[in-house]
Amino acid sequence: MRGLRRLPLVAAISAAALSAGATAALSLAQQDDSNAPVVIEASSGGDTDGFAALDRAQNADDRLPAGVLARFGPDNSTGPNVDQSTARKVASVEKTDIYIAEGTSSFCTINVRDDGGWSGGCTAKTRADSGQPQATFDLVDSADGNDYRVWGVAPSDVKSAALVLKNGTRVPGPIEDGAFSVTTDDAGTAFMWTDAQDIEHSQQVVLPPTQ
Amino acid sequence: VFKVSPSVRSRASLTLLRSDAKRKTVALTVLVLAFGTFAIAATSASAITSDYCGYNPGSGNQCYEGSGYRGWRYHQASTGSGGPIVASICAYSWNGSAYRPGSGCTSSYNFYAFCNPSDSPNGNSSVLYVNNPGVTLYGHADSRVPC
């Protein structure tokens with residue numbers, strides 16, 4: 001098995017004052033008063049709990065590339081209707097950036113490579129609120145065909161994430177800046193994670209058909 | 001007084017009927033052609049519809065690119081906007097020698113998509129979607145819209 005690639009630290013999220021301001025704005029956003037004036041929240045994030053990046057101000061670096069927004073945003077009638085103002089870049093790993101963003105009822109994780117390619121998906125906000133990590137299994141280029149990768153984001157109380165290989169080997173994916181990524185050249189069969197109570201959870205990986 | 005015999009009247013009526021039928025036929029043909037032109041125009045203007053792959057595909061379902069479908073650089077599996085969460089939602093694209101980067105799978109999602117700028121819109125390969133019950137599948141390769 002080739003070496004595990006780990007997440008380098010992204011620039012630390014600072015400014016507690018900004019966080020407090022964003023929290024206040026978030027409280028306003030959650031009020032349901034149809035007669036209230038519409039408040040444009042230029043800097044606050046979404047309302048999914050457990051992901052610190054959503055509570056800080058949006059930087060220019062957080063915005064989704066135009067091609068990604070074209071597919072995840074309101075221009076795609078069969079997409080999740082992601083709001084660009086909720087997008088946050090949570091981590092960078094190797095040559096990819098990991099983003100989170102919210103749609104009308106969806107929580108999305110998106111991985112953008114430096115060649116302009118990307119992959120990602122969305123689940124329900126209610127599920128993202130449940131304290132589980134949001135993981136995607138995908139394939140990446142390698143000299144001998146494909147490597148296997150599991151990547152995603154995790155709420156702050158998730159303790160560990162790992163990819164379990166066919167031979168039972170558990171390859172850990174350290175969670176840094178709320179994101180994790182594990183790439184191997186052996187196929188994974190399950191994604192495992194440990195919650196705040198040290199309970200282990202497992203999700204099966206659906207491998208591609210054999211060609 | 002010129003009298004029209006019943007037989008002549010009948011022939012005249014028949015001629016009139018034939019003429020009327022011809023006009024109706026011509027009008028109908030024009031309508032059909034017009035609608036067809038409109039339908040073709042509407043289809044080509046809506047790439048996401050023309051690139052529809054299938055609904056509720058079983059394991060190994062394929063949409064062949066370059067034969068009936070254009071080559072795709074953008075792939076999407078979706079239960080629809082805000083649609084139900086499914087156990088797994090996958091989209092794998094095989095380029096003849098390897099799976100395209102981004103081909104992948106998620107659990108408990110309702111939307112999965114990937115895009116590769118290096119994929120040829122004219123490529124002749126296939127897309128496979130694995131066990132996507134309740135999912136509608138699309139591919140898209142409009143070169144006017146980069147990744």
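1. In this predicted model, A:Lys159 is partly exposed, with a relative accessible area of 48%. Its salt-bridge partner is A:Asp198, with an N to O distance of 2.9 Å. A:Asp198 has a relative accessible area of 53% and is therefore exposed, the cut-off being over 50%. A:Lys159 belongs to the loop between β6 and β7 (160–165) of chain A and A:Asp198 to the loop between β10 (188–194) and β11, so the pair ties together parts that are 39 residues apart in sequence.

2. A second salt bridge joins the side chains of A:Arg170 and A:Glu200, at 2.5 Å from N to O. The pair links distant parts of the chain, 30 residues apart: A:Arg170 lies in strand β8 (residues 170–172) and A:Glu200 in strand β11, both of chain A. A:Arg170 is partly exposed at 42% relative accessible area, and A:Glu200 is partly exposed at 44%.

3. Salt bridges that share partners connect A:Asp61, A:Lys89 and A:Asp97 in one network. Between A:Asp97 and A:Lys89, the closest N and O atoms are 3.6 Å apart. A:Lys89 has 13% relative accessibility and so counts as buried, the limit being under 20%. Over all chains, the structure holds seven salt bridges.

4. How many salt bridges does the rule find across the interface of chain A and chain B? The number is zero. On the side of chain A that touches chain B, the residues comprise 13 nonpolar, 21 polar and six charged.

5. The contact between the chains involves 40 residues of chain A and 38 residues of chain B. About 3,000 Å² is buried between them, 53% of it from carbon and sulfur atoms. Within chain A, the residues that lose the most area to chain B are A:Arg71, A:Thr78 and A:Gln211, together 20% of what that side buries.

6. In β6(B), B:Cys115 stands opposite A:Trp118.

7. A:Cys108, in strand β3 of chain A, counts as buried because its relative accessibility is 0%. Leaving aside neighbours within four places in sequence, its contacts include A:Phe72, A:Pro80, A:Tyr99 and A:Cys122. A:Gly121 is also in contact with A:Cys108; these two residues are 13 apart in sequence, with a C-alpha to C-alpha distance of 5.5 Å.

Note on methods: Residues numbered from 1 in each chain as written. Chains lettered and ligands numbered in written order. Predicted model: local features only at pLDDT ≥ 70, side-chain atom pairs only at ≥ 80, totals over all residues. Heavy atoms only, no water. Contact = heavy atoms within 4.5 Å. Buried area = accessible area lost by both parts, 1.4 Å probe. Salt bridge = Lys/Arg side-chain N within 4 Å of Asp/Glu carboxyl O. Nonpolar A, V, L, I, M, F, W, Y, C, P; charged D, E, K, R; others polar. Pairing = 2+ DSSP bridges. Helix = DSSP H or I, 4+ residues; strand = E, 2+ residues; numbered from the N terminus. Buried < 20%, exposed > 50% of the residue type's maximum accessible area, 1.4 Å probe, protein only.
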